[in-house]
Amino acid sequence: MGIKQVRALTTTLPSVTWIPLARAHSERADQMTAGHRARRATGEKHAIEDFLYDYYGTRPSLMRRWHPGVGTGLSPAPDGLAEHAGWKFYMSYPDGVVTLDQDAFMHARAESVRYIHGLLTATASRPVFSGCFGLHEWAMVYRDAEHRHELPLRLGQAGTDEVVEQHTIRCTHYDAFRFFTPEAVGLNRLQPTRATQVDLDQPGCLHAAMDVHKWAQKLGPAVPGALALDCFALAGEIRLLDMQASPYDLTSYGFPPVKIETPEGKAEYVARQRELARRAAGLRSRLIRVCEALLGADAAAQNREAVAPFNQR
């Protein structure tokens with residue numbers, strides 16, 4: 001915990017305000033992660049929800065920690081300083097106000113903040129593309145007897161392969177594309193790499209939308225608690241559509257399929273995809289503002305200029 005003399009805050013919350021916010025946040029987080037924590041205790045797997053924890057490295061213990069966000073200070077409580085004073089990347093002023101230590105945070109994570117800001121800015125600049133129909137999940141099992149989930153395929157292996165072969169695969173997201181089977185890789189119209197992610201991520205992609213949770217986690221204590229949980233909640237809804245539109249049979253979980261191999265299924269997928277993209281756009285915009293608060297106006301403008309060539313692609 002550092003102590004600084006010069007105050008540079010946008011808002012300072014009194015304890016009668018921030019203590020209830022912190023308590024409500026922890027309760028909400030506990031409710032959102034209750035199922036996962038119960039399953040973890042018994043070793044039970046969940047083909048839909050485990051992705052949010054295993055792939056994104058989500059830790060319920062960290063999720064329940066409320067952060068006021070960059071630029072917001074916490075006045076002392078009746079029994080002393082906010083507990084945040086003992087947390088990493090926090091500091092206090094002589095009068096006991098506790099806040100994020102932006103200098104320390106940026107010293108450790110400036111490169112990540114610049115990357116996240118650039119990626120989110122470039123993604124937000126593009127129109128929503130909704131013609132992928134979730135076929136990335138189908139490409140991940142194409143002509144392969146080994147599948148990631150212990151669930152049956154709705155159409156069987158031959159029927160699943162036929163759906164892939166009858167459609168144009170246009171996956172823009174590297175973290176989906178890298179799980180394609182070897183036979184499916186060449187069927188994709190694009191060949192995304194980590195290096196081209198800023199160039200290719202587009203706001204209609206379910207995985208790019210789910211990634212608002214990933215970036216909120218990377219920005220950690222700079223992100224207000226409510227925004228962090230909103231990102232996680234939306235990622236959960238997106239993951240459900242991702243799996244409902246997949247070739248897997250989710251009957252055992254009580255969820256009907258979105259049959260993207262049919263005109264009706266395609267229409268349902270696109271409608272839900274566009275609504276989720278709309279909501280993700282709002283969260284993405286708020287994360288961009290967090291990045292800009294960390295970077296400062298001049299550095300944020302320079303970073304925007306650096307990714308400008310990628311915009312609208």
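What follows is a tour of the helix packing, with a stop at the loops beside it.

Analyst: Happy to! Please keep in mind that this is a predicted model.

Let's begin with helix H13, which spans residues 297–307. Three of its residues, Ala 300, Asn 303 and Val 307, are buried. Looking down the axis of H13, you would find these buried residues within an arc of 60 degrees, so they line one face of the helix. On the face of H13 turned away from the buried side sit the exposed residues Ala 297, Asp 298, Gln 302 and Glu 305. And what do the buried residues of H13 pack against? Their partners are helix H4 (102–124), helix H9 (197–200) and helix H12 (263–295).

Take H4 to start with. Its axis and that of helix H10 (residues 206–219) come within 10 Å, crossing at roughly 160 degrees. An angle over 145 degrees counts as roughly antiparallel, and H4 and H10 are therefore roughly antiparallel to each other. The crossing in which H4 passes H10 is left-handed. On the H4 side, the contact is made by Phe 105, Arg 109, Val 113, Tyr 115, Ile 116, Leu 119 and Leu 120; H10 supplies Trp 215, Lys 218 and Leu 219. Sorted by class, the residues of this contact between H4 and H10 are eight nonpolar and two charged, with no polar ones.

Now for H12, which packs with helix H11 (residues 225–244) at an angle of about 155 degrees, the axes lying 11 Å apart. H11 and H12 are therefore roughly antiparallel to each other as well, and H11 passes H12 in a left-handed crossing. From H11 the contact takes Leu 227, Asp 230, Cys 231, Leu 234, Glu 237, Ile 238, Leu 241 and Gln 244. Facing them in H12 are Tyr 269, Arg 272, Gln 273, Leu 276, Arg 279, Ala 280, Leu 283, Arg 286, Leu 287 and Val 290. The class count for H11 with H12 is 11 nonpolar, two polar and five charged residues.

Cys 132 belongs to the loop between H4 and helix H5 (135–139). Is Cys 132 buried or exposed? With a relative accessibility of 14%, Cys 132 counts as buried, the cut-off being under 20%.

At 19% relative accessible area, Phe 133 is buried. Its backbone deserves a glance: phi is positive, about 55 degrees, although Phe 133 is not a glycine. Phe 89 likewise has a positive phi, near 75 degrees, in a residue other than glycine. You can find Phe 89 in the loop between strand E3 (72–74) and strand E4 (90–92), and at 11% relative accessibility it counts as buried.

Technical notes
Residues numbered from 1 in each chain as written. Predicted model: local features only at pLDDT ≥ 70, side-chain atom pairs only at ≥ 80, totals over all residues. Heavy atoms only, no water. Buried < 20%, exposed > 50% of the residue type's maximum accessible area, 1.4 Å probe, protein only. Helix = DSSP H or I, 4+ residues; strand = E, 2+ residues; numbered from the N terminus. Arc of directions from axis to C-beta. Contact = heavy atoms within 4.5 Å. Axes fitted to C-alpha atoms, helices over the stretch in contact; angles between N-to-C directions. Parallel < 35°, antiparallel > 145°, perpendicular 65-115°, else oblique. Left-handed = near helix turned anticlockwise from the far one by under 90°. Nonpolar A, V, L, I, M, F, W, Y, C, P; charged D, E, K, R; others polar.
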